[in-house]
Amino acid sequence: MIKITKPKQKFQKFRIFGNRVLVHINEQEDGDFITCDELMIPCYNKDVLISSLIKANYPADRMDAIRNNYELVKDGTAGDKTEEYTEEYLNMQAWRAYSKELASEIIEGSHL
């Protein structure tokens, strides 16, 4: 994954290249430009896309840490970290939902 900056008028969320897709994620707008992460991933099926998109922001070790921290929240033992742990858990879940939506959009655009 690399960070790039593109003019807004040339920005595309994704482009299909055979059995791969070039995806732009984590966009930040700045005037006439968008800075984002660029990721090339296999486009074999929806499950591969979803997994690749999720792992781009949440590798397995980070997901494990977030889930373990959230267990402390559910157990009532997170103390002053409750808000922080809850927020990072909800952010991870939002990214997972977004990854599923984006994968569906890519599948529809690639006619797989």
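Q: Which residue takes a positive phi in the hairpin of β3 and β4?
A: This is a predicted model, where local features need pLDDT of at least 70, side-chain atom pairs count only at pLDDT 80 or more, and totals for chains, interfaces and linings use all residues. Residues are numbered from 1 along each chain as its sequence is written, and side-chain values use heavy atoms, with hydrogens and water left out. The hairpin has 2 residues between its strands (strands are DSSP runs of E, at least two residues, numbered from the N terminus). The phi near 65 degrees belongs to G31.

Q: How many bridges join β3 to β4?
A: Strand β3 covers residues 20-30 and runs antiparallel to β4. Two strands pair if DSSP finds at least two bridges between them. In one example, Q28 has T35 in β4 as its bridge partner. The number of bridges joining β3 and β4 is 9.

Q: Which residue in β4 stands opposite I2?
A: Strand β1 spans residues 2-7, and β4 spans residues 33-42. They pair in the antiparallel sense over 6 bridges. Opposite I2 stands E38.

Q: What pattern does the chain follow along the sequence?
A: The chain has 3 helices and 4 strands. Helices here are DSSP runs of H or I, at least four residues. Read along the sequence, the pattern is β-β-β-β-α-α-α.

Q: What percentage of the residues is buried?
A: Buried means under 20% relative accessible area, with a 1.4 Å probe and protein chains only. The chain has 112 residues. The buried share is 34%.

Key. Buried means under 20% relative accessible area, exposed over 50%, partly exposed in between (1.4 Å probe, protein chains only).
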